[in-house]
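Welcome! Please take a moment with the sequence and the 3D view below, and then we can walk through the fold together.

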Amino acid sequence: MTHAFRALACTIAGLLAVLVLAAAAQAQKAKEAWEYLQEPAFKNAYMKALGPKANTPWLAKRDGPAPQDKFVEVAGHRYVMNSFCKNRDCGENSAVILYSPEKKLVYGTIYEKGRTTLIGDPPAAVSSELARLWKKEWRQKG
């Protein structure tokens, strides 16, 4: 084997090793918060938690303005937090949703024209935290 051929073979082998390691790292990469909200399990849990409010378009679609989804710790459990509001009416219609990917559960608080509704039957500790999170997202800007 010539020196040039051996160097080329070593280079190719090195590149293949890097590609294999990169693919393995990508496969084990933790999901981003928003990725969980694309899963069918989230949609099923969310629509179930909404109950009759699933017929309210801005709630069903969650397509209004929204801060970036993030992970939060509430009452000792990790949740994906999704906040959103109604297009052109954020001041009067907004929500904060907590989703547990492990338990496939959704809890949330919805604010509609002065009325607050809890969804998903959250435990007391989660309910009080939802109120705080909602206030932080929608009323303490500035």
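This is a predicted model: local features need pLDDT of at least 70, side-chain atom pairs count only at pLDDT 80 or more; totals for chains, interfaces and linings use all residues.

In soluble globular proteins, nonpolar side chains tend to be buried together.

Leaving aside neighbours within four places in sequence, Leu 59 is in contact with Tyr 46, Leu 50, Lys 53, Phe 84, Ala 95, Ile 110 and Glu 112.

## The chain as a whole

Now for a wider view. The protein chain has five helices and five strands, and along the sequence they follow the pattern α-α-α-α-β-β-β-β-β-α.

How much of the chain counts as buried? Of its 142 residues, 34% do. The chain exposes about 9,000 Å², with carbon and sulfur atoms supplying 58% of that area. Among contacts with a separation of 6 or more, 46% are between residues 24 or more positions apart.

The strands form an open sheet in the order E1-E2-E3-E4-E5, with antiparallel pairing. Strands of a sheet pair through backbone hydrogen bonds, either parallel or antiparallel. Which strands stand at the edges? They are E1 and strand E5 (115-119); each has a single partner strand, so one side of each is left without a neighbour in the sheet. From one strand to the next, the twist averages 25 degrees.

Helix H5 (residues 124-138) lies across E1, E2, E3, E4 and E5. The direction of H5 is at about 130 degrees to E3.

## Strand E2 and its partners

Let us follow the sheet from E1. Strand E1 (residues 70-74) runs antiparallel to E2, and five bridges join the two. Phe 71 stands opposite Val 80 in E2. The hairpin of E1 and E2 has two residues between the strands, and in this hairpin Ala 75 takes a positive phi near 50 degrees.

On to the pairing of E2 with E3, which is antiparallel over six bridges. Here Cys 85 has Ser 94 in E3 as its bridge partner. Is E2 enclosed or open to the outside? Seven of its nine residues are buried, so E2 is largely enclosed by the rest of the structure.

## The disulfide

How many disulfides does a search of the whole structure find? There is one, formed by Cys 85 and Cys 90, with their sulfur atoms 1.8 Å apart. A disulfide is a covalent bond between the sulfur atoms of two cysteines.

Are these two cysteines buried or exposed? Cys 85 has 1% relative accessibility, so Cys 85 counts as buried. Cys 90, at 24% relative accessibility, counts as partly exposed, because the cut-off for buried is under 20%.

Thr 109 counts as buried because its relative accessibility is 3%, and buried means under 20%. Which residues does Thr 109 touch, leaving aside its neighbours within four places in sequence? Thr 109 is in contact with Ser 94, Ala 95, Val 96, Thr 116, Thr 117, Leu 118, Leu 130 and Trp 134. Among these, Leu 118 is the bridge partner of Thr 109 in E5. Thr 109 and Pro 122 are 13 residues apart in sequence, and their C-alpha atoms are 9.5 Å apart in space.

Strands E4 and E5 pair in the antiparallel sense over five bridges. Their hairpin has two residues between the strands, and Lys 113 takes a positive phi near 45 degrees there.

Key:
Residues are numbered from 1 along each chain as its sequence is written. Side-chain values use heavy atoms; hydrogens and water are left out. Contact means heavy atoms within 4.5 Å. A disulfide is a pair of cysteine sulfur atoms within 2.5 Å. Buried means under 20% relative accessible area, exposed over 50%, partly exposed in between (1.4 Å probe, protein chains only). Helices (H or I, at least four residues) and strands (E, at least two) are DSSP runs, numbered from the N terminus. Accessible areas come from the Shrake-Rupley method with a 1.4 Å probe; for residues, only the protein chains shown count as cover. Two strands pair if DSSP finds at least two bridges between them. Axes are lines fitted to C-alpha atoms, for helices over the stretch in contact, and angles run from 0 to 180 degrees between N-to-C directions.
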